[in-house]
Amino acid sequence: PLHEAASRGHKEVVQALLSMKAPLLPRTAANQTPYDLALQNGFESLAQLLSSHKLPEPTTSKFEWYHGTLDRNEATSVLKNAGNQDGAFLVRYSDQKKGYVLTMCYAQQIYNFPIQRMGECYFIDDGPLLESLEALVEHYIIWGPDGLPTNLRWPQPPRPAPPVPSNPRPSLLNGSSSVSTLPLKQRRSRSLQNTSSHTSTLPLPERNKPMNKLSQWSIA
């Protein structure tokens, strides 16, 4: 529809389609966009409108459907475990293809569509050029199959990463985390005071009295 409106110079129709989130860069068989057709047919103000149009932010998010690196069998297993619903989908990175792949379900069958790049844009087969993965997914949610077997309907979120196990730091003093913060000189002074306070109070002659032989062997 946007191609037709742009090629005929119908500015109001173009504005209405863009307000409904119509893709800005659909392509003809000759790889022409609505901007190209408007300019080619002499509608310069319309071409300017198309080139300056600011695309709205997609309402979908990668966290809802992007699984990172998965092979085809793993992606198939995710969709089958979700019930093989028509329109269930996920996006993954394929090591084999070195790029993104849309994996979706329809009529109990699993389909895989490579997501290609052209400059900064993403596209599937002959579909429109879209500025991000989020915009690509939203296009196929809103605007119907457009080359896919059905609309994208049921995003399959990735499994949450397992929590990192806690590893508390062992205590330094037999389970006690309290360590003296006194300066070294004060700690030494206090230690000497404690030692002197436990010194025997026996009379001097008794303290200096030599031990007998039996006592020496007993201690040894």
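At 15% relative accessibility, Cys121 counts as buried, where buried means under 20% relative accessible area, exposed over 50%, and partly exposed in between (1.4 Å probe, protein chains only). The structure is a predicted model, in which local features need pLDDT of at least 70 and side-chain atom pairs count only at pLDDT 80 or more, while totals for chains, interfaces and linings use all residues. Residues are numbered from 1 along each chain as its sequence is written, and side-chain values use heavy atoms, with hydrogens and water left out.

**Confidence**

- The mean pLDDT of the chain is 81, and 73% of its residues reach 70 or more; pLDDT is the predictor's confidence in each residue, from 0 to 100.
- Over residues 170-182 pLDDT stays under 50, and the model has six contacts beyond four places in sequence for this stretch; contact means heavy atoms within 4.5 Å.
- Over residues 196-220 pLDDT likewise stays under 50, with four contacts beyond four places in sequence.

**Overall architecture**

- The chain contains nine helices and seven strands, taken as DSSP runs (helices H or I, at least four residues; strands E, at least two) and numbered from the N terminus.
- Of the 220 residues in the chain, 30% are buried.
- The chain exposes about 15100 Å², of which carbon and sulfur atoms supply 53%; accessible areas come from the Shrake-Rupley method with a 1.4 Å probe, and for residues only the protein chains shown count as cover.
- Among contacts between residues at least 6 apart in sequence, 51% join residues at least 24 apart.

**Cysteines**

- Cys105 counts as buried because its relative accessibility is 0%.
- A search of the whole structure finds zero disulfides, a disulfide being a pair of cysteine sulfur atoms within 2.5 Å.

- Helix H6 (residues 133-142) is mostly covered, with seven of its 10 residues buried, namely Leu133, Ala135, Leu136, Val137, Glu138, His139 and Tyr140.
- These buried residues pack against strand S2 (88-94), strand S3 (99-106) and strand S6 (121-123).
- Gly144, which follows H6, has a positive phi near 85 degrees.
- The largest nonpolar core has 17 residues, of which Phe89, Leu102, Ile115, Ile124, Leu136, Leu148 and Leu152 touch the most other members; such a core is a set of buried Ala, Val, Leu, Ile, Met, Phe, Trp, Tyr and Cys residues joined through side-chain atoms within 4.5 Å.
- S2, S3 and H6 each supply at least two residues of this core, and the largest share, five residues, comes from H6.
- Apart from neighbours within four places in sequence, Leu152 is in contact with Gly87, Phe89, Leu102, Met104, Val137, Tyr140 and Ile141.
- A second, separate core of 13 residues includes Leu2, Ala5, Ala6 and Ala38.

- In helix H4 (residues 44-52), the buried residues are Leu46, Ala47, Leu49 and Leu50.
- Seen down the axis of H4, these residues fall within an arc of 155 degrees, so they line one face of the helix; the arc is that of the directions from the helix axis to the C-beta atoms.
- Glu44 and Ser45, on the other side of H4, are exposed.
- The buried residues of H4 pack against helix H1 (2-8), helix H2 (11-19) and helix H3 (34-40).
- Thr33 lies in the loop between H2 and H3, and at 10% relative accessibility Thr33 counts as buried.
- Leaving aside neighbours within four places in sequence, Thr33 is in contact with His3, Leu25 and Pro26.
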